[in-house]
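This briefing sets out selected local features of one protein model. The points are grouped by topic and are meant to be read beside the structure.

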Amino acid sequence: MNRHDALAALREDDAGWTAGQKGLGAMLGRWRARPEVAPVLAALERFGEGAPIEACPELTVLFDGASTAAHELVSGLVETGLAGLAVHPLGQLPLRHAASPAMHALLLAHWGCATLSLVAFDGPALAALPPPQSAVFTPVESWLHVLAGSGMADHVLCHKLHGDHAELHAGTLPLQPGVVLYRHGAYEWLQVRSAAGTVVKLRLQRLLAKHEPVREHALDDGALLHRSAARPEDSRDALAMAVLARMGRRDAVPAMSRIATGPGDEGLRWQALRELLTLDARAGMVLLAQVASSEGDPLAAPARQLNRSLLSAWPELEEVARWRA
């Protein structure tokens, strides 16, 4: 039966496909139980719960350029996957994956805030991309091990932050089999820009700080272009606050106030302040002044600037802020 006939048959009855997915899942489970894989997954659990990388030797050996552990781990997965797809050609390995025009990523395992992924970059697709105009700094730490292929990567370091501007230093790094790199994402950006054929790398990644934001800066002058929450939970909270403010839900003011003055993500706190100003001007001005006068608060400077701008445009807000009844 050719692929066309097989697809036609599935439209009538997907029992075969369902059975195939169960079979692929079982094969993947056997791969995870293999002696070279199970200890790695156990170490990833410890790492995802906050253990230092030095306490997880099963992970560190994967990012030793002189070791064959990473190749053995990935080769076993490839062999398992190809064997399963030979039996179930229309199936899909039950692993999360992501794709862009030039990059494909397969999530091998994750635990807590840590992930272990296999990432491939396509050379012709990379060549068709325009030069990057910005660098994105994400609060993650990453270990990269190039398993196959060669190419070049753009490498940008953020040395200093001056308000909304960053002092950036750009360079390039060669990629070839055996190269191992560590990246502190909050101050270091790395992007594969060219590849001879395909570059394949194993990547271990862990969120560095619970509330540090993602920052995007222009490469030409270091200007801040965008800031967002690093955690999906913070993004959901930001969306919820925006909806509640548009609905005029004044009962959300206490929760927003706690977020605005709490220890959370700077971007989320700033949005809470802005939403409060539209939802309850008094509460918003009181909290804005509180943040502006807080020593050591990273939002103090922008809060003072916003406070001055608002009072300049609407002097009556000063009286509103003083009324706390």
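Ala-66 counts as exposed in this predicted model, because its relative accessibility of 73% lies above the cut-off of over 50%. This residue is found in the loop between α4 (57-60) and α5 (69-87). By contrast, Ser-117 is buried, with a relative accessible area of 4%, and belongs to strand β3 (residues 114-122).

- The C-alpha atoms of Ala-66 and Val-179 are 9.5 Å apart in space.
- In sequence, Ala-66 and Val-179 are separated by 113 residues.

- Ser-117 counts as buried because its relative accessible area of 4% falls within the range of under 20%.

- Strands of a sheet pair through backbone hydrogen bonds, in either a parallel or an antiparallel manner.
- Strand β2 (residues 103-111) pairs with β3 in the antiparallel sense, over eight bridges.
- The hairpin of β2 and β3 has two residues between the strands, and Gly-112 in this hairpin takes a positive phi near 60 degrees.
- β3 also pairs with strand β10 (residues 198-207), over nine bridges and in the antiparallel sense.

- Three strands form an open sheet in the order β7-β6-β9, with antiparallel pairing.
- The edge strands are β7 (165-175) and β9 (188-195), each of which pairs on one side only.
- On average, and with direction ignored, neighbouring strands of this sheet are turned by 20 degrees against each other.
- Strand β6 (residues 151-162) runs antiparallel to β7, and eleven bridges join the two.
- Leu-161 has Ala-166 as its bridge partner in β7.

How values were computed: Residues numbered from 1 in each chain as written. Predicted model: local features only at pLDDT ≥ 70, side-chain atom pairs only at ≥ 80, totals over all residues. Heavy atoms only, no water. Helix = DSSP H or I, 4+ residues; strand = E, 2+ residues; numbered from the N terminus. Buried < 20%, exposed > 50% of the residue type's maximum accessible area, 1.4 Å probe, protein only. Pairing = 2+ DSSP bridges. Axes fitted to C-alpha atoms, helices over the stretch in contact; angles between N-to-C directions.
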